[in-house]
Amino acid sequence: MTHPLRVVAVSGGLQRTSRAAALCQHLMDLIGEHLPCERRLVELGQVAPQLAGTTWRSQLPASVEQELAAVEQADILVVTTPVYRGSYTGLFKHFFDFIDQDALVDTPILLAATGGSERHSLVIDHQLRPLFSFFQARTLPLGVYATDSDFLDGRLHNAALLDRAQLAVQRAIPLLELARRTEPRAASAVAAA
């Protein structure tokens, strides 16, 4: 059975016009050029006030619960975080602390990050991959890292970065095709019940 991929992108940026969100959107658009998909962008800056001080998922409002459920039911995740003090932001980690630890098993995840300089480019391999390994997700082979200078007027403009993003998606397509051919997780969970 084939179905449109549910592509959910999580942007850890706090600003409304965030480079992390722009990178998420670009990567989702590239996936959409190759495969039919339904796209959803979760901007953590928009849910930050509702996450602050929350310890248990049951304390979260329905709007945040919907965003968490979208992530847990995604066929593919695109995650992008700004680099803050050498790692992903605390808000990014706090959001993923609420995700069920078995919800992302085998989910393909395209990793991306933004930072002020190239010095932080290893954040993808040293911070993001271990986080999603805990979830037993399938982190895709190539990550995409963008610096402030790669953006112009809130959009990607660096040719090398655009090529890297395209290559990351092209190398992910075989795994994404597999996800598309399998039953949606929500349907298989209902069938098992």
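**Exercise 1. Helix 2 against helix 3**

Task: Describe how helix 2 (residues 44-51) and helix 3 (residues 62-72) pack.

Solution. 
- Step 1, geometry. In this predicted model, the axes of helix 2 and helix 3 are 10 Å apart, and the packing angle is about 130°.
- Step 2, class. Helix 2 is therefore oblique to helix 3. The cut-off that matters here is 145 degrees, since only angles over it count as roughly antiparallel.
- Step 3, handedness. The crossing of helix 2 past helix 3 is left-handed.
- Step 4, residues. Helix 2 contributes V47, Q50 and L51, which meet S63, V64 and E67 of helix 3.
- The contact of helix 2 with helix 3 has 3 nonpolar, 2 polar and 1 charged residues.

**Exercise 2. Helix 4 against helix 5**

Task: Work out whether helix 4 is roughly parallel or oblique to helix 5, and say which residues meet.

Solution. 
- Step 1, geometry. The axes of helix 4 and helix 5 cross at roughly 10° and come within 12 Å.
- Step 2, class. Angles under 35 degrees count as roughly parallel. Helix 4 is therefore roughly parallel to helix 5.
- Step 3, residues. On the helix 4 side stand F92, K93 and F96; they meet L128, L131 and F132 in helix 5.
- The contact of helix 4 with helix 5 counts 5 nonpolar residues, no polar ones and 1 charged.

**Exercise 3. The aromatic pairs**

Task: How many aromatic pairs does the structure hold, and what is the geometry of F96 with F132?

Solution. 
- Step 1, count. There are 8 aromatic pairs in the structure.
- Step 2, geometry. One of them is F96 with F132, at 5.1 Å centre to centre and 90° between the planes. Planes over 60 degrees apart count as edge-to-face, so this pair of F96 and F132 is edge-to-face.
- Step 3, placement. F96 sits in helix 4 (residues 90-97) and F132 in helix 5 (residues 123-134), so their pairing ties together parts 36 residues apart in sequence.
- Step 4, burial. F96 has 2% relative accessibility and counts as buried. F132, at 0%, is buried too.

Task: Are F134 and F135 buried or exposed, and how do their rings pair?

Solution. 
- Step 1, pairing. The rings of F134 and F135 are edge-to-face, with centres 5.2 Å apart and planes at 75°.
- Step 2, accessibility. F134 counts as exposed, at 51% relative accessibility. F135 is buried, at 3%.
- Ring pairs join Y88, F92, F95, F96, F132, F134 and F135 in a cluster.

**Exercise 4. A residue in strand 1**

Task: Describe the surroundings of A9.

Solution. 
- Step 1, place. A9 belongs to strand 1 (residues 5-11).
- Step 2, burial. Its relative accessibility is 0%, so A9 counts as buried.
- Step 3, contacts. Setting aside residues up to four places away in sequence, A9 touches C24, M28, R40, L41, V42 and V78.
- A9 and I109 are 100 residues apart in sequence, with C-alpha atoms 9.5 Å apart in space.

**Exercise 5. A loop residue**

Task: Locate T54 and list what T54 touches.

Solution. 
- Step 1, place. T54 is in the loop between helix 2 and helix 3.
- Step 2, burial. A relative accessible area of 10% makes T54 buried.
- Step 3, contacts. T54 touches Q59, L60, H94 and F98, not counting residues up to four places away in sequence.

Definitions and conventions: Residues are numbered from 1 along each chain as its sequence is written. This is a predicted model: local features need pLDDT of at least 70, side-chain atom pairs count only at pLDDT 80 or more; totals for chains, interfaces and linings use all residues. Side-chain values use heavy atoms; hydrogens and water are left out. Rings of Phe, Tyr and Trp (its six-membered ring) pair if their centres lie within 6.5 Å; planes under 30 degrees apart count as stacked, over 60 as edge-to-face and the rest as tilted. Helices (H or I, at least four residues) and strands (E, at least two) are DSSP runs, numbered from the N terminus. Buried means under 20% relative accessible area, exposed over 50%, partly exposed in between (1.4 Å probe, protein chains only). Axes are lines fitted to C-alpha atoms, for helices over the stretch in contact, and angles run from 0 to 180 degrees between N-to-C directions. Angles under 35 degrees count as roughly parallel, over 145 as roughly antiparallel, 65 to 115 as roughly perpendicular and the rest as oblique. A crossing is left-handed if the near helix is turned anticlockwise from the far one by less than a right angle, and right-handed if clockwise. Contact means heavy atoms within 4.5 Å. Ala, Val, Leu, Ile, Met, Phe, Trp, Tyr, Cys and Pro count as nonpolar, Asp, Glu, Lys and Arg as charged, and the others, Gly among them, as polar.
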